[in-house]
Amino acid sequence: MRLLKVATCNLNQWAMDFDCNLNNIKESITRAKGAGAVIRLGPELEITGYGCEDHFLELDTVTHAWECLKEILLGDWTDGILCSIGMPVIKGSERYNCQVLCFNRKIIMIRPKMWLANDGNYRELRWFTTWKQKDHLVDFQLPPEISEALSQKSVPFGYGYIQFLDTAVAAEVCEELFAPMPPHAELALNGVEVFMNANGSHHQLRKLDLRLHAIIGATHTRGGVYMYSNHQGCDGGRLYFDGCSCVVVNGEVVAQGSQFSLKDVEVVVAQVDLDAVSSLRGSISSFQEQASCKTRVSSVAVSSNLCQSFNLKFSLSSPLKIMYHSPEEEIAFGPGCWLWDYLRRSGASGFLLPLSGGADSSSVAAIVGCMCQLVVKEIANGDEQVKADAIRIGNYSDQQFPTDSKEFAKRIFYTVYMGSENSSSEATRMRAKTLADEIGSWHLDVCIDSVVSALLSLFQALTGKRLRYKVDGGSNIENLGLQNIQARIRMVLAFMLASLLPWVHNKPGFYLVLGSSNVDEGLCGYLTKYDCSSADINPVGSISKQDLRMFLQWAAINLGYSSLADIEAAPPTAELEPIRSNHSQLDEVDMGMTYEELSVYGGLPKIFRCGPVSMFKNLCYRWGATLTPSEVAVKVKHFFKYYSINRHKMTVLTPSYHAESYSPEDNRFDHRQFLYNSRWPYQFRKIDQLVKEFDGDKVAFKGSVGGGNGMGVVAASSGGDP
């Protein structure tokens, strides 16, 4: 038997915070060595942090990474353990995303990434170059300061593996695992038994199984030990890296780390038998045949052993059941951990949330409550870093620290119900108060009528015009203008209270304002530009209404906030029109589309890359049992009209936790223009032609589509912008 102990890790790195990152790397190596591991794998670009973005273009970033690596190598951290450490490296005039493989205070080789992630949230080709010379390793001259410190002038650089006396080990970096022709297939034929994959993979709802299937598949048919390491936490942007570092042997998971955690460092250790790998490979005829005529991959020889022989004190890691969270748990824990990282790293003293008593803002409140529960639980488990952060943020003194989530919430969480006399119901007011009491937040009930009246008086003095709601005989323009005034006043009051309430209560610092618009409302623009959707950060901005409603049902039971069940059951409403009118203002009526339809509309353009005509054809098949082609055409045109009219709102969308594959977030994920011809004349004409072909309908759909009760609120909520 060839027994091998390996360690991989989740690290909560922070882009450009080299002290934080270096300490976490050192701690992970120390724990790995303490557990007896002889291989330690860290996440991609762990020295700098993955999310440095254009900071990667600065020479300082690369220089500081070398300085940190030098500090690791000059100490005893790499004594007796192979460490794969991620950092950017400049060779000649090209910048590469690399894994630096270190052993016994020396750099053994540098492995540049060959296939870069460049879709969705990833833009690696903006900062890095792919390594294209697969046929041989080249010499890399170390920077003078590093060379002098290590007494090492050059190292092998490129695609290859390390051949120890008793096994072969290779790196595979993130995206390469998912490439059509992944390196591990060729490396396995060359005798590599241990694969180290450093990742920078972010959370997305229902995504983990796809990732794990790829990892499992890498060794299921060709054998091997596959180590996977990932970042975990918010490293400075919209993404939450969701950990789940693991070790897979011959297609079976034998060790798995947490997906969501407040820990800065989590080390996952596995004890494996490499003879099981060679045994499996020897039993597969096709593997033997292909290995006999393989393309040879370059290697670096190291005259050391990594394995132990048969030892009864060495217990092997057994296959385990993979831990998957439900989507509801993902919504609770992912954004909850993201909020904690943002809070503790921003210097803020807490959060302020405009709490309307509706589903979206109540979901945000529940996520903050979940965050408080996670903090108290982690402190009880002995995490000193979480404890220190909580004491500082909560302004505790005299050896006190959080032991109760409601008490902690009272210190760091303000909720504010901002009602008005003519458009806020007693039902939503009571729902907001009840939920705030359950969570423990410091709750305020504010009437904004006096501020609204002051602005309306100013407008009347300037123009001589008095605005009226539609129910009082006003026009659509007046009706929408009055709604927008209320909505924007709430944003101004939220930021005022967030900056001044801590001073009022003799608390240090400032509070972050939380937004609560969901991904579906962003998609069609059903929000007022610069209303309460405008905030510092938004934990639910990339989550669909459908998922949020399921989360509310789950949270009512599992988080102990029972009032969420009543909130989920209530029909969604903006509560901006007078409640004395005969009809209730409902979101789906205002939008002219259901939230279920919006989830479908969102997925087709982004995930399946459909334009208006392709979407129409697709939905004719999907909805053909209940809708005629002409009815589908009306729906598609209506969506694209308001999508294009309101696309400009996405340019100022509050930075939101990324969770959904059809997020319309304009900064990084969904790059499109924001000035459209909202009539889509060519595309809509093609749809009309198809409708005529399908059902003989000769009606040409021209001009405005949709109409209906309150439909214009979507377009006009932009505050007069085109």
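Analyst: Let us start with a caution about records: UniProt annotations may be inferred rather than shown by experiment. With that in mind, the unreviewed UniProt entry lists residues 4-274 as "domain: CN hydrolase". The model itself is predicted, and in it the span 4-274 is 23% helix and 33% strand, with its end C-alpha atoms 7 Å apart.

User: Why does Q483 count as buried?

Analyst: Buried means under 20% relative accessible area, and Q483 has 2% relative accessibility, so Q483 counts as buried. This residue has its place in helix α14, which covers residues 476-504, and its C-alpha atom is separated by 16 Å from that of S517, 34 residues apart along the chain.

User: How do you know that β17 and β18 pair?

Analyst: Two strands pair if DSSP finds at least two bridges between them. Strand β17 (residues 350-354) and strand β18 (residues 413-419) have four bridges, in the parallel sense, so by the cut-off of at least two bridges they count as paired. As one example, L352 has Y414 in β18 as its bridge partner.

User: What makes β19 and β20 the edge strands of their sheet?

Analyst: The open sheet is formed by four strands in the order β19-β18-β17-β20, with parallel pairing. Strands β19 (442-447) and β20 (511-513) each pair on one side only, and they are the edge strands. On average, neighbouring strands of this sheet are turned by 25° against each other, with direction ignored.

User: What makes a space a cavity, and which residues line the largest cavity?

Analyst: A cavity is a set of points where a 1.4 Å probe fits but cannot get out, and a search of the whole structure finds four cavities of 30 Å³ or more. The largest cavity has a volume of about 70 Å³, and the residues that line it include L523, Y601, F639 and R672. Its lining divides into seven nonpolar, two polar and three charged residues, and the largest share, four residues, comes from α19. The second largest cavity, with a volume of about 60 Å³, has a lining of four nonpolar, four polar and two charged residues.

User: Why is another space called a pocket, and what lines the second largest pocket?

Analyst: A pocket is an open set of points, whereas the probe cannot get out of a cavity, and that is why the two have separate names. The second largest pocket has a volume of about 660 Å³ and is lined by 26 residues, of which D119, Y122, H202, Q204 and K207 lie nearest its centre. By class, its lining has nine nonpolar, nine polar and eight charged residues.

Note on methods: Residues are numbered from 1 along each chain as its sequence is written. This is a predicted model: local features need pLDDT of at least 70, side-chain atom pairs count only at pLDDT 80 or more; totals for chains, interfaces and linings use all residues. Side-chain values use heavy atoms; hydrogens and water are left out. On a 1 Å grid over the protein atoms alone, a cavity is a set of points where a 1.4 Å probe fits but cannot get out, and a pocket is an open set with protein on both sides within 12 Å along at least five of seven lines; lining residues have an atom within 4 Å of a point. Grid points are joined across faces, edges and corners, and a volume is the space filled by probe spheres set on the points. Ala, Val, Leu, Ile, Met, Phe, Trp, Tyr, Cys and Pro count as nonpolar, Asp, Glu, Lys and Arg as charged, and the others, Gly among them, as polar. Buried means under 20% relative accessible area, exposed over 50%, partly exposed in between (1.4 Å probe, protein chains only). Axes are lines fitted to C-alpha atoms, for helices over the stretch in contact, and angles run from 0 to 180 degrees between N-to-C directions.
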